[in-house]
Amino acid sequence: MMQLAHAADVTVVGGGLAGVTAAVSAARNGAKVALINNRGVLGGNSSSEIRVWVVGATAHGAQKFARETGLMGELFAENQWRNPEGNPILWDHVVLDLVRAEPNITLFLNTEVREVDADGEEEDRMIRSVTGWQSGSEKLIRFESPIFLDCTGDGLVGLLSGARFATGREDRSVYGEPWAPEVADDDMLGSTILFYTKDAGRPVRFVPPAITKDIEAFDLPLRRHIDPGMNGCDYWWIEWGGELDAVADNERIRDELWGIVFGIWDHIKNSGRFEADTLTLEWVGSLPGKREYRRFLGDHVLTQQDITGQTRFPDAVGFGGWSIDLHPPGGIYAADSPSKHLFGPGLYDIPFRCLYSANVRNLLLAGRDISASHVAFGSTRVMATCAVVGEAAGAGAALAVRRGLTPREIAASHVAELQSMLLRQDASLLGVPWQDPSDLALKAAVTASSTLTRLAGGAGGEPEPLPIGEADFGLLLPADPRIDVVRIGVDAARATTATVELWSTGNGLNHIPVEPLARRQVRIEAGCGRLEARFDDVPVDGGEVVVVVRRNADLAVLVGPDRPPYGVLGLLSREPALDAGTPQSNAWSAAELRRRTPRFEVEPATAAYRPDRVAGGPARPYDGPNLWVSEGGGEQHVELRWSEQRTIGRVELIFNDDVDEDLVNLHHHRTPYLVMPELVKDYRIEVERAGGWEAAVSVTGNRMRRRVHVFDPAARTGALRIVVTATNGDERAMIVAVRVFET
């Protein structure tokens with residue numbers, strides 16, 4: 001046995017997606033990082049050992065323009081390119097490669113941290129070191145650093161350091177949450193073991209092991225949908241242990257879940273109710289995938305009201321969007337529905353004050369153990385959101401080390417700097433403008449070869465009638481500068497009067513109708529034609545609006561096969577009453593109309609895609625699409641020009657990879673694109689010289705949203721332009737952001 005010591009700027013304990021993004025974020029911001037994981041693979045619940053698909057703010061498409069950017073976005077895009085079939089083994093290496101590409105990270109796999117050296121009074125603790133045992137190499141390693149991150153999920157580091165925490169369900173009086181129980185208890189969400197099957201091509205017997213449960217004895221087949229074609233997370237409801245201690249009773253929970261898994265497979269293979277003769281088990285998990293355990297207390301506790309009421313925090317460092325998703329503690333044995341879901345109208349902020357311990361001064365938190373109530377945790381616990389807070393916590397750790405401060409001091413006086421760091425790396429942060437004074441692009445006059453100004457679509461190809469007898473139809477539009485006239489192609493079975501309304505989205509976090517602005521009654525004659533509604537007397541102060549055509553049994557909307565202008569979405573709501581209760585984003589589906597265009601046109605011309613959008617502002621849809629879009633195809637460019645010569649040492653670009661497209665790492669669904677069509681494929685960066693334009697950078701085959709180009713030596717010029725020569729499929733060129741720095 002060897003006893004070693006390892007010193008770093010930041011020590012991250014836990015190699016799930018929160019720990020991975022925390023480590024990479026800290027490393028990219030200059031910190032030397034030790035990343036410690038107790039398993040041989042990274043990814044936590046998403047790894048090949050457990051195989052839970054990674055979900056987040058998109059909520060399987062219920063939220064619009066909600067896919068995470070930053071590090072989680074990199075993982076989604078890279079996996080889509082390398083592993084579109086969702087092979088769990090290949091996903092392991094997508095995650096591992098992200099970490100191993102960072103020279104500032106030292107990775108310690110198979111290393112179990114079991115000792116924490118911390119001191120100080122109860123209200124002001126300090127971690128000095130953590131010690132881990134690397135089993136395969138028989139090394140006992142002491143890790144020292146000024147900042148530690150607990151990304152373990154279960155919160156062992158926080159526990160051993162003396163950090164205050166909560167478990168179970170708070171009663172309703174604690175935070176006033178309507179979804180909290182009247183009386184507090186120790187119940188939590190349970191754990192799950194999954195299984196995969198395959199077709200062997202010949203008959204295969206199944207002899208159940210002794211641990212197998214008789215699932216018919218407790219009527220499971222009557223309460224859950226069982227299908228031989230289901231695999232992995234299709235069986236997310238194989239859940240148990242919520243009434244036990246997820247850590248102390250881990251072995252018992254695993255055995256019970258194994259019994260249930262083999263019981264389900266025995267039912268499929270041997271009950272005679274399924275055609276499953278040639279199917280065999282390919283894989284059964286051996287580790288319970290845990291949903292919930294300790295939640296540490298920070299300077300703010302996120303609550304149900306923060307999520308559904310969309311509290312705007314001055315120290316916001318990320319966003320979530322998954323529903324508040326709570327399960328009965330009895331899991332598979334409960335008579336209740338296996339889950340209940342509550343959506344707000346859109347996305348919500350997560351503040352930095354939820355990401356550090358209130359009483360351990362150098363402990364940051366990321367993942368399912370952040371400072372949230374049990375109810376709010378029902379949303380923040382999903383892995384893509386854990387990765388978002390991991391990236392923010394990692395950046396905060398690097399900043400704390402750089403400034404010699406505690407995380408609380410960062411929250412008190414350096415939030416703007418932290419947010420700027422996150423925006424620069426394209427992290428998932430909404431409503432905070434990019435305004436770094438070192439960005440020369442903010443001082444440039446921006447023009448383009450062409451700009452899309454006509455807000456219209458659906459004219460190409462033969463339109464398909466979409467009946468709206470049982471659904472309200474919505475058309476999400478950027479309102480820049482306003483919306484005066486909207487024309488929508490329709491097919492009327494007979495003469496009818498359509499009710500057409502204009503709605504605001506309420507704020508930039510939403511992309512559904514939230515606040516009514518105006519209503520019109522429009523007479524439509526029988527046959528194919530168009531509905532025209534005028535709203536020129538309705539004050540619209542930019543942002544986004546939704547034109548709603550109320551359900552009408554005599555009416556169909558004409559839909560074409562082409563893609564709409566970016567930022568435009570067709571929506572359908574089959575909910576019975578648009579005006580009843582708080583708007584919920586999942587009530588409006590975009591699934592039927594994503595990448596198809598209702599036939600429409602809008603007056604006046606739009607300024608939503610003007611070229612100066614690439615300099616400053618939000619770098620993703622927020623109160624509008626927030627990007628430059630060319631009018632047509634072919635070679636197109638954006639030009640930045642300064643009033644005097646500038647030294648250009650670094651250019652950072654963000655391209656559009658359609659954050660409305662829901663990507664997933666495993667098998668939930670297939671996305672038809674290896675690379676998003678909107679993404680720029682081939683481009684040049686040119687600088688102006690005395691003799692004309694000179695190419696400084698040329699790129700072909702791009703498949704990344706964010707690209708960084710360092711000019712060595714630096715260029716001295718009065719103008720620069722980004723020339724797009726090809727995209728990955730879209731007919732128009734699109735650029736989200738251009739940032740230019742001297743160094």
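Two strands pair if DSSP finds at least two bridges between them. Strands (E, at least two residues) and helices (H or I, at least four) are DSSP runs, numbered from the N terminus. The model is predicted: local features need pLDDT of at least 70, side-chain atom pairs count only at pLDDT 80 or more, and totals for chains, interfaces and linings use all residues. Residues are numbered from 1 along each chain as its sequence is written, and side-chain values use heavy atoms, with hydrogens and water left out.

**Strand S31**
- Strand S24 (residues 472–478) runs antiparallel to S31, and five bridges join them.
- Leu-475 has Gly-570 of S31 as its bridge partner.

**Nonpolar cores**
- A nonpolar core is a set of buried Ala, Val, Leu, Ile, Met, Phe, Trp, Tyr and Cys residues joined through side-chain atoms within 4.5 Å.
- The largest has 134 residues, and Ile-264 is among those with the most contacts inside it.
- Helix H10 (residues 383–403) gives the most to this core, with 12 residues.
- Another core, apart from it, has 59 residues, including Leu-475 and Phe-600.

**Glu-678**
- Glu-678 lies in the loop between strands S35 (636–655) and S36 (680–689).
- Glu-678 is buried, with a relative accessible area of 4%.
- Beyond its neighbours within four places in sequence, Glu-678 is in contact (heavy atoms within 4.5 Å) with residues including Arg-563, Arg-595 and Asp-730.

Methods: Buried < 20%, exposed > 50% of the residue type's maximum accessible area, 1.4 Å probe, protein only.
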